[in-house]
Amino acid sequence: GTPVLDIKPYLRHDIQDDATVPSWCERPDDASLIVNVCFTEAADAALAMAVPFLHFFNEEQALREAIVQMLRLDIRSVHQGRGRAADEQMYTCHFDAITIEFAIFTTHILVTTCFLTPDEKSTLPTGRKTLAARCQGHASLASSAEVA
């Protein structure tokens, strides 16, 4: 078969202390300035409720760490504003069997909502309504997982 060369970007927060990058291949705005990924209480509660229904994660902490690692890379395309704050804009991505909604600020990301992604092949009920229904009896969780 044909060999494939897979080149990954070298981001500023991945830099080694003794590493150097030639000036011709680095622009100051190429690296993500995002330092923190924060979760609202509603997103935290929804994430915990979703863990038993995921395909690749069975521990909340491992799931949370993977989401933080992914989002710190500023996964937006250049056309969506990678590297720039977007205070008024909400973004959505799918991760395992959940949908994550988040906002990006200059130095941090705020995850506002997490819910099970509808899956046509699954018999499990999914989405925000289902997560709210699973929280029945837990008033604080139910109100944070309700449909907007």
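Among the contacts in the protein with a separation of 6 or more, 43% are accounted for by residues 24 or more positions apart. The model is predicted, and its secondary structure comprises 4 helices and 4 strands. Read from the N terminus, the elements follow the order β-α-α-β-β-β-α-α. Of the 148 residues in the protein, 31% are buried.

Helix α1 spans residues 41–50 and helix α2 residues 60–72; their axes come within 9 Å and cross at roughly 125°. Angles over 145 degrees would count as roughly antiparallel and those from 65 to 115 as roughly perpendicular, and α1 and α2 are therefore oblique to each other. Their crossing is right-handed. On the side of α1, the contact is formed by D44, L47 and A48, which meet E60, L63, R64 and I67 in α2. Sorted by class, this contact contains 4 nonpolar and 3 charged residues, with no polar ones.

The aromatic side chains provide a further view of the structure, which holds 2 aromatic pairs. In one of these, formed by F57 and F95, the ring centres are 5.7 Å apart and the planes lie at 25°, so the pair is stacked; the cut-off for this class is under 30 degrees. F57 belongs to the loop between α1 and α2, whereas F95 belongs to strand β2 (residues 90–95), so the pair ties together parts 38 residues apart in sequence. With a relative accessibility of 14%, F95 counts as buried, because the limit is under 20%.

How values were computed
Residues numbered from 1 in each chain as written. Predicted model: local features only at pLDDT ≥ 70, side-chain atom pairs only at ≥ 80, totals over all residues. Heavy atoms only, no water. Axes fitted to C-alpha atoms, helices over the stretch in contact; angles between N-to-C directions. Helix = DSSP H or I, 4+ residues; strand = E, 2+ residues; numbered from the N terminus. Parallel < 35°, antiparallel > 145°, perpendicular 65-115°, else oblique. Left-handed = near helix turned anticlockwise from the far one by under 90°. Contact = heavy atoms within 4.5 Å. Nonpolar A, V, L, I, M, F, W, Y, C, P; charged D, E, K, R; others polar. Phe/Tyr/Trp six-rings, centres within 6.5 Å; stacked < 30°, edge-to-face > 60°. Buried < 20%, exposed > 50% of the residue type's maximum accessible area, 1.4 Å probe, protein only.
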